[in-house]
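Welcome! Here is a friendly briefing to read alongside the sequence and the 3D view.

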Amino acid sequence: MPTRRAEYGRPDHFVLHLSDTHLLPRYGRLYGRVDPSITVRRILAELDATGTRPEALIFTGDLADHGDAAAYRTLRAIVEPVADRMGAQVIWCMGNHDRREVFRQELLGQVGNARPVDRVDDVNGLRVITLDTTVPGEHWGHVTGDQLDWLAEELAVDAPHGTLLAMHHPPLPTIQDLATLVELREQAGLAEVLEGSDVRQILAGHLHFSTAGTFAGIPVSVASATCYTQDLTAAPRSTRPQDAAQSYNLVHVWGDVVLNSVVPVTGAPALSWTSAEESEEILAEHGVVVPAAGSAAEPTRPDAVDTELQAMTSPITLPRLPD
């Protein structure tokens, strides 16, 4: 049987995107009912059990519901042991519920101060820039001129494998009217900085539901919350938070291609099961090979159509005009 290479090989990079954990100090409940730590523990325990090995865990803000030090310590205690076993970096991003001083102290081990928490992390050649879109004391977002200058300087040199930009407030329209009160304001300056850059994708949160769009020609992926979500079946122009539909995203990168897969946190029974070993056997039976990460595409033999197309598009040498 002839061998066929899959259209895409193994991804060059794999990270997890989680958002809006909204952790509270011990025994705290959101809306008096929801313990936000339970879902985070469940997600990481299930990932750890499967042997999943992401290169980084990226959290796009609203990590602690009131910016409490105890909540940040709880989050670290849940996340860091699992990340260590996975061999994954942990990348924290500020949200409007977070407090810069406490965030720096508890999550980054820095002296607390009120400056924006803008950072750059290298994930095996993939640059991850976290941009602090928060405004202290407010729930809407904004990026200052100084931050835009800093971002432009960072993006002036391309990263080996491109850049992911992580931020809390998504630079997208919203389908919920009330969300316009807490949207990212004055987005034109950010668009100007990002246009033509090596940013492959923008990762965001804040909305408490999964959505996607484009900004300055760049794909934007919004991860839903792990704590509670917005019920989008509610009446138009209304909001209805629900203790359901929590999820997170798998992010796979193939060069310029970034794939986001939403993983709902559910306990649904499996209908069937094909193991990794069985999958390999089935692919082998069909002569399909999945190339390793970074493998160059197999050259193809030009056919008559390719030859004709090349002749049609090749430069034409014009005869020299007489003097």
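A residue is called buried under 20% relative accessible area, exposed over 50%, and partly exposed in between, using a 1.4 Å probe and protein chains only. By that scale R29 is partly exposed, with a relative accessible area of 39%. This is a predicted model, in which local features need pLDDT of at least 70 and side-chain atom pairs count only at pLDDT 80 or more, while totals for chains, interfaces and linings use all residues. Residues are numbered from 1 along each chain as its sequence is written, and side-chain values use heavy atoms, with hydrogens and water left out.

**Salt bridges**

- A salt bridge here is a side-chain nitrogen of Lys or Arg within 4 Å of a carboxyl oxygen of Asp or Glu, and a search of the whole structure finds 10 of them.
- R29 has D35 as a salt-bridge partner, with the closest N and O atoms 3.7 Å apart; D35 is partly exposed, at a relative accessible area of 21%.
- E80 and R76 form another salt bridge, their closest N and O atoms being 2.8 Å apart.
- Both E80 and R76 sit in helix α2, 4 residues apart, which is about one turn of the helix; helices (H or I, at least four residues) and strands (E, at least two) are DSSP runs numbered from the N terminus.
- E80 is partly exposed at 24% relative accessible area, and R76 also counts as partly exposed, at 31%.
- D177 pairs with R237 in a salt bridge whose closest N and O atoms are 2.9 Å apart.
- This pair links distant parts of the chain, 60 residues apart: D177 is in the loop between β7 (163–167) and α5 (188–194), and R237 is in the loop between β11 (229–230) and β12 (241–242).
- D177 is partly exposed, with a relative accessible area of 35%, whereas R237 counts as exposed at 69%.

- R127 lies in strand β6 (residues 126–131) and counts as buried, at 10% relative accessibility.
- The R127 side chain makes a polar contact of 2.8 Å with the side chain of T163, and the R127 side chain also reaches the backbone oxygen of V157 at 3.0 Å.
- A polar contact is a pair of N or O atoms within 3.5 Å; within protein, one must be able to donate a hydrogen and the other to accept it, and residues adjacent in sequence count only if both atoms are side-chain atoms.
- Not counting residues up to four places away in sequence, R127 touches residues including V120, D121, E154, G162 and D198, where contact means heavy atoms within 4.5 Å.
- S19 is in the loop between β2 (13–18) and α1 (36–50), and is buried at 1% relative accessibility.
- The side chains of S19 and D20 make a polar contact of 2.6 Å.
- Leaving aside neighbours within four places in sequence, S19 has contacts that include T60, G61, H206 and T226.

**Helix α3**

- Which residues of helix α3 (residues 100–108) are buried? They are R100, V102, F103, R104, E106 and L107.
- The cover over these buried residues includes α2 (69–86) and β4 (89–93).
- Just after α3, G109 takes a positive phi of about 65°.

**An exposed loop residue**

- D256 is in the loop between β13 (247–254) and β14 (257–264), and is exposed, with a relative accessible area of 61%.
- A polar contact of 3.0 Å joins the side chains of D256 and R200.
- D256 and G162 are 94 residues apart in sequence, yet 7.8 Å apart in space, C-alpha to C-alpha.

**Pocket and cavity**

- On a 1 Å grid over the protein atoms alone, a cavity is a set of points where a 1.4 Å probe fits but cannot get out, and a pocket is an open set with protein on both sides within 12 Å along at least five of seven lines; lining residues have an atom within 4 Å of a point.
- Grid points are joined across faces, edges and corners, and a volume is the space filled by probe spheres set on the points.
- The largest pocket has a volume of about 450 Å³.
- Of the 20 residues lining this pocket, V182, H206, H208, Y228 and Q230 are the closest to its centre.
- The structure holds 1 cavity of 30 Å³ or more, and the largest cavity has a volume of about 60 Å³.
- Residues lining the largest cavity include P170, L172, V182 and H206.
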